[in-house]
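Hello,

Here is the structure you asked to look over. My notes follow below it.

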Amino acid sequence: LNHRIQRFTSTGVFVGQWGTAGSVDGLLQSPSGVAVDATGNVYVAGTYRNTATFGAFQFTATGANNDGWMAKLDGSGQWLWALSMASIAYMEVYDMDLAPAGDRLALTGNYFVNAPTLGGFVLPAPAMNDVYVAEIDTAGQFLSAMGFGSAQGDQGLAISYGANDELYVAGTAGATMVLGAYTLVGVATPDLWLGRLDPDISTGQSASTLVDGLRLYLDENVLVLRDPEGITGLLSLTDAIGRTLLQARLNGASEHRIALPDRAAGMIFWQLHRGEGKMRSGKLFAPPR
């Protein structure tokens, strides 16, 4: 099943179609969201099943049959990049929005079967169908993600940015659901819910997981590093404008806990130099304290 993006002028005149996407051995579900930035780039997101092709990009769903996808095209319909959530969970995308500044996008939908990891952000194991909210930058990198839900089936059906980058999310809940400090008591099955998230969402479970087993995440104001084989090397942390936050020598322990009392909210970039020219790097989101 193939899909094309239809293009119209501001007065509704059909211009043409471009950006073919399709499935080679299953079902490509209709895109769930589309957004256009100030320079004419087009962002599209949706769900695919089994294997799907987006221009020169091809993905195969891992773990479960359905997975989420997102792509960016230029104003002439050329695919600039495409990404798969590459999740072991069963993932569906239901809505997408572009931030007012055009610098990031938000997605929502549902997941079940397994606990997914989205760009290094580990979501909780689902009780049944749980809701996720994620933000992605315009280069296709996950900035943050969170998951939540009740004991029954839930969905995230709509998402929208406010003027100050706050996020409004709405959907359905199959039973009583806890959203932060708020308990939403289910009356019908399913019931409707609406919530607001502060800018720069976070999970409290964000982590960067590397092929060598290294995990990094924040526990309040403490940076935790874990590696069952032991961690050695020089760790460096910088903030979003390049200021050094920390440099620490790791001594081979399987876990390090390093206090970051002065850290601010925002992205933290890290590099681990392990000698012999080997280096690992990544980023973490530090939520407001």
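**Sheet 15-16-19**

Three strands form an open sheet in the order 15-16-19, with antiparallel pairing. Strand 15 (155–161) and strand 19 (191–197) are the edges; each has a single partner strand, so one side of each has no neighbour in the sheet. From one strand to the next, the twist averages 20°. Angles run from 0 to 180 degrees between N-to-C directions, with axes as lines fitted to C-alpha atoms (for helices, over the stretch in contact). Strands here are DSSP runs (E, at least two residues), numbered from the N terminus. Two of them pair if DSSP finds at least two bridges between them.

Strand 16 (residues 167–173) pairs with strand 19 in the antiparallel sense, over seven bridges. Within that pairing, Val169 has Gly195 of strand 19 as its bridge partner.

**Ground rules**

This is a predicted model: local features need pLDDT of at least 70, side-chain atom pairs count only at pLDDT 80 or more, and totals for chains, interfaces and linings use all residues. Residues are numbered from 1 along each chain as its sequence is written, and side-chain values use heavy atoms, with hydrogens and water left out.

**Salt bridges**

Side chains of opposite charge can pair when their charged atoms come close. The rule used for a salt bridge is a side-chain nitrogen of Lys or Arg within 4 Å of a carboxyl oxygen of Asp or Glu. The count comes to five salt bridges.

Glu255 meets Arg226 in one of them, at 2.8 Å, N to O. This pair links distant parts of the chain: Glu255 lies in strand 25 (residues 255–259) and Arg226 in strand 22 (residues 222–226), 29 residues apart. Glu255 is partly exposed at 35% relative accessible area. Arg226 is partly exposed too, at 33%. The cut-offs: buried is under 20%, exposed is over 50%, partly exposed is in between (1.4 Å probe, protein chains only).

Glu255 also bridges to Arg257, with the closest N and O atoms 3.9 Å apart. Arg257 is partly exposed, at 45% relative accessibility.

Asp239 and Arg243 form another salt bridge, with 2.6 Å between the closest N and O atoms. Asp239 is buried at 12%, whereas Arg243 is exposed at 53%.

Arg104, Glu135 and Asp165 are joined in a network of salt bridges.

**Gln271**

Gln271 sits in strand 26 (residues 266–273). Its relative accessible area is 33%, partly exposed. Gln271 and Gly233 are 38 residues apart in sequence and 9.9 Å apart in space, C-alpha to C-alpha.

Best regards

Methods: Helices (H or I, at least four residues) and strands (E, at least two) are DSSP runs, numbered from the N terminus.
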